[in-house]
Amino acid sequence: IRNLVFLASAMQQHPELVGESVVPSAGSNSGSGSGEGATPEGGTPLAWLVKRMSQMSVRKGDDRRIAVFKWFAAVATTQSVEVVTSFLTLMIDPLYRAQTDGQSAKPTAAAGGGADAAGGGAADGGGAVAEGSEVESVGAVAAEVLQIVEDKVGSTSFVTAYTAVQKAFAAKREEKKRARATEAILDPEAAAKRKMKRNLEKRSMKKAANKKRRIAGGGGG
């Protein structure tokens, strides 16, 4: 995380040092993931890096998500309000997903406060989010980072971006719900297989989370 925080600062301060092949053109939205419709400082190296990290954290996986979220917190504390504001949607999207997609152990409210902001250590990217707890919940880390971001940019800008992400997520979820209902009518066999696959994935994730908690608590494998 520390190296990526340094890289983010270097990219922002000296964008000319980054090769043009790395930076997408302004308005480019190649690849899937979060940040659809966002226009973060089009074409800058830091915009590219934030978008890549945002896309990585959309995929489920505790360790990867927590690492990216802590990087978000470090970027929020080391960059200017203007820079962080330009990346608000890209940061909030995966943080919101982490609290609503079922992987979080305890989903928590985000906008308007709800997580204590951690201070100190921002200069080297090591102290924006508290570490050392026995089990770090993805949802808890996401809530803490959301609070740090809100404290940085102010409630007005934060709530506007958070609400936009919330509405987009709800619309996408409703669209998927309609698609599943249609599939259940037109192709019930495929719908049953898809449902079975989802249930197996949920059980697998729950089993992995329980194992991690046992290991962290000293219970062994």
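**Close-ups of the aromatic cluster and nonpolar core**

**View 1. Y96, F158, Y162 and F169 make up one aromatic cluster.** This is a predicted model, where local features need pLDDT of at least 70, side-chain atom pairs count only at pLDDT 80 or more, and totals for chains, interfaces and linings use all residues. Residues are numbered from 1 along each chain as its sequence is written, and side-chain values use heavy atoms, without hydrogens or water. Rings of Phe, Tyr and Trp (its six-membered ring) pair if their centres lie within 6.5 Å; planes under 30 degrees apart are stacked, over 60 edge-to-face, the rest tilted.

**View 2. W71 and F72 form a tilted pair.** By the ring rule there are five aromatic pairs. The W71 and F72 ring centres are 6.0 Å apart and the planes meet at 45°, so this pair is tilted. W71 is buried (under 20% relative accessible area; exposed is over 50%, partly exposed in between; 1.4 Å probe, protein chains only), at 0%. F72 is buried too, at 0%.

**View 3. Y96 and Y162 pair edge-to-face.** Their centres are 5.5 Å apart, with 85° between the planes. Y96 sits in helix α5 and Y162 in helix α7, so the pair ties together parts 66 residues apart in sequence. Helices (H or I, at least four residues) are DSSP runs, numbered from the N terminus. Both tyrosines, Y96 and Y162, are buried.

**View 4. The largest nonpolar core has 40 residues.** Such a core is a set of buried Ala, Val, Leu, Ile, Met, Phe, Trp, Tyr and Cys residues joined through side-chain atoms within 4.5 Å. Those with the most contacts inside it include W71, F72 and V149. Helix α3 (62-78) is among the elements that supply at least two residues. α3 gives the most, with nine.
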